[in-house]
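Dear colleague,

My notes on the model follow directly after.

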Amino acid sequence: MDLIEQLRTFVQVAHSGGFTPAAAQLDLPRPTVSLAVQQLEARLGTRLLARTTRRVGLTQDGQALLERAQALVADLQELEQQFRPQGGALSGRLRVDL
């Protein structure tokens, strides 16, 4: 998984409060979500999430990354939308007066 997908996954885990709800929302297996966050932590060299058996919370580094990652992910989604064709085709009656 590339860095952008790892950041998207991290943001979703942080917002949903756990790996299982994030996996459901991302339509990915829970181990894939967990591995993506572990790889991101290894890449950055810091712990981003404080995990317990009942809850997942952000560390200080995780909170700092979340603030930056949210903006980055939003910008990337906006960039992707800019180049995608619009969803629906035009329909209806067109009247032209000459």
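The largest nonpolar core has 17 residues, and those with the most contacts inside it are Phe-10, Val-13, Phe-19, Leu-49 and Leu-65. A nonpolar core here is a set of buried Ala, Val, Leu, Ile, Met, Phe, Trp, Tyr and Cys residues joined through side-chain atoms within 4.5 Å. Helices α1, α2 (19-26), α3 (30-44) and α4 (60-83) each supply at least two residues of this core. In soluble globular proteins, nonpolar side chains tend to be buried together.

This is a predicted model, in which local features need pLDDT of at least 70 and side-chain atom pairs count only at pLDDT 80 or more, while totals for chains, interfaces and linings use all residues. Residues are numbered from 1 along each chain as its sequence is written, and side-chain values use heavy atoms, with hydrogens and water left out. Helices (H or I, at least four residues) and strands (E, at least two) are DSSP runs, numbered from the N terminus.

Phe-10 lies in helix α1 and is buried, with a relative accessible area of 0%. Buried means under 20% relative accessible area, exposed over 50%, and partly exposed in between (1.4 Å probe, protein chains only). Not counting residues up to four places away in sequence, Phe-10 touches Val-37, Leu-40, Leu-48, Leu-49, Leu-58, Gly-62, Leu-65 and Leu-66; contact means heavy atoms within 4.5 Å. Phe-10 and Leu-66 are 56 residues apart along the chain, and their C-alpha atoms are separated by 7.9 Å.

Phe-19 is placed in helix α2 and is likewise buried, at a relative accessible area of 10%. With neighbours within four places in sequence left aside, the contacts of Phe-19 are Val-13, Arg-30, Val-33, Ser-34, Val-37, Leu-49, Arg-51 and Val-56.

Next, the packing of α2 and α3. Two packed helices are described by the angle between their axes and the distance between the axes. The axes of α2 and α3 come within 8 Å and cross at roughly 110°, the axes being lines fitted to C-alpha atoms, for helices over the stretch in contact, with angles running from 0 to 180 degrees between N-to-C directions. The two helices are therefore roughly perpendicular to each other, a term that covers 65 to 115 degrees (under 35 is roughly parallel, over 145 roughly antiparallel, and the rest oblique). Phe-19, Thr-20, Ala-22, Ala-23 and Leu-26 in α2 meet Arg-30, Val-33, Ser-34 and Val-37 in α3. By class, this contact has 6 nonpolar, 2 polar and 1 charged residues, where Ala, Val, Leu, Ile, Met, Phe, Trp, Tyr, Cys and Pro count as nonpolar, Asp, Glu, Lys and Arg as charged, and the others, Gly among them, as polar.

In the loop between α2 and α3 is Asp-27, which is exposed, with a relative accessible area of 70%. The phi of Asp-27 is near 60°, a positive value in a residue other than glycine.

Yours sincerely
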